[in-house]
Amino acid sequence: MIEQWMVLPLAQTAITVNLNGLALLLILMAIGGYAGYQQGMRNVLTVALWTIIAYVTCVQGGTFVVDVINRLWVNAPRFVAFLIGNDPTLVPPLDPLITPGFQVPLFFRAMAFIALILLGKYFDSKAAWKGPPKERLARPLGLFVGALIALLWTNATVVFWREFITGGGTFEGPIATFLNVLPDVSLLLPSLIAIFFMILGLLILFNFPKVWKP
C-alpha cells in the first residue's frame, strides 16, 4: 500500500491549476504587499505617489488632464477679476481650450504611464524619508501600500489592454489569456487612493518631526 501511494503521484504527467481573475489579482496584490511589508512604508512611499499620479493622469479615461486644463482656462478671467478686486460673477467665462471629451491616444497614455513610474523610481532613490522600517506600523502600512501599488499597476494594464482590444487590436497567447481574465476594479480605486492619502495625512500630522529622519 505504501509503495502504491508513492507511485501514483509520479504517474501524473501534468498538473492543471484553475485560477479565476479575482484569485490572480489577489496573488499579484499579495506579492506587492509582501514586497511592501519587507521594505516598510518609507521605502515604497515615493513609488506609490508617482503611481497614483500616473494612474490618475493616464489611465482614468485619458480625460483628467484635459478637464483640468479646460477648467483652469475657462475660469481664468474670473480668477484675475478676483485678484484685482472686481466682481468675478460679472466676468464671462472663456470657451474650453480643448474640445470636451477629447481623449489622448492609448499609445501615448501607456507610454506616459510607464515614464511616470520610471520617474518615480528615479526620485525614490533620492527620497529624504527613506530608511529602515523601524516604526511600529512601518511594515503593516508598507503591506497596504505595496498591495495598492500592485493593484494600480495591474488595473492600469487591464484598462489599457481592454481599450486596445476594443479599438480593434489583436494579440494572442498566454499573456492575452492572463489579461483577459483579470477584473477591472477601476470603481474601487478612488476609495483606496483616498484611504491612502488619509493615512498619509494622519502620519504627517502626528509624526511630522520624525518623517524626515532616516
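Biologist: Which residues in H3 and which in H6 meet?

Modeller: This is a predicted model, in which local features need pLDDT of at least 70 and side-chain atom pairs count only at pLDDT 80 or more, while totals for chains, interfaces and linings use all residues. Residues are numbered from 1 along each chain as its sequence is written, and side-chain values use heavy atoms, with hydrogens and water left out.

Met41, Val44, Val47, Ala48, Thr51, Ile52, Tyr55 and Cys58 in H3 meet Ala138, Leu141, Gly142, Val145, Ile149, Leu152, Trp153, Asn155, Ala156 and Phe160 in H6, where contact means heavy atoms within 4.5 Å. Helices here are DSSP runs (H or I, at least four residues), numbered from the N terminus. By class, the contact of H3 with H6 divides into 15 nonpolar, three polar and no charged residues; Ala, Val, Leu, Ile, Met, Phe, Trp, Tyr, Cys and Pro count as nonpolar, Asp, Glu, Lys and Arg as charged, and the others, Gly among them, as polar.

The axes of H3 and H6 come within 9 Å and cross at roughly 25°, which makes H3 roughly parallel to H6 (angles under 35 degrees count as roughly parallel, over 145 as roughly antiparallel, 65 to 115 as roughly perpendicular and the rest as oblique). These axes are lines fitted to C-alpha atoms over the stretch in contact, and angles run from 0 to 180 degrees between N-to-C directions.

H5 packs against H6 at an angle of about 165°, with the axes 10 Å apart, and is therefore roughly antiparallel to H6. On the H5 side the contact is made by Leu106, Arg109, Ala110, Phe113, Ile117 and Lys121, and on the H6 side by Trp153, Ala156, Phe160, Glu163 and Phe164; these residues comprise eight nonpolar, no polar and three charged.

With H2 (residues 21-39), H6 (residues 138-166) packs at an angle of about 140°, the axes lying 6 Å apart, so H2 is oblique to H6. Among the residues making this contact are Gly32, Gly33 and Gly36 of H2 and Gly142 and Gly146 of H6.

Finally, in the largest nonpolar core, which has 36 residues, Met41, Tyr55, Val59, Phe113, Val145, Leu152 and Phe196 touch the most other members. Such a core is a set of buried Ala, Val, Leu, Ile, Met, Phe, Trp, Tyr and Cys residues joined through side-chain atoms within 4.5 Å, buried meaning under 20% relative accessible area with a 1.4 Å probe and protein chains only. H6 gives the most to this core, with 11 residues.

How values were computed. Helices (H or I, at least four residues) and strands (E, at least two) are DSSP runs, numbered from the N terminus. Buried means under 20% relative accessible area, exposed over 50%, partly exposed in between (1.4 Å probe, protein chains only).
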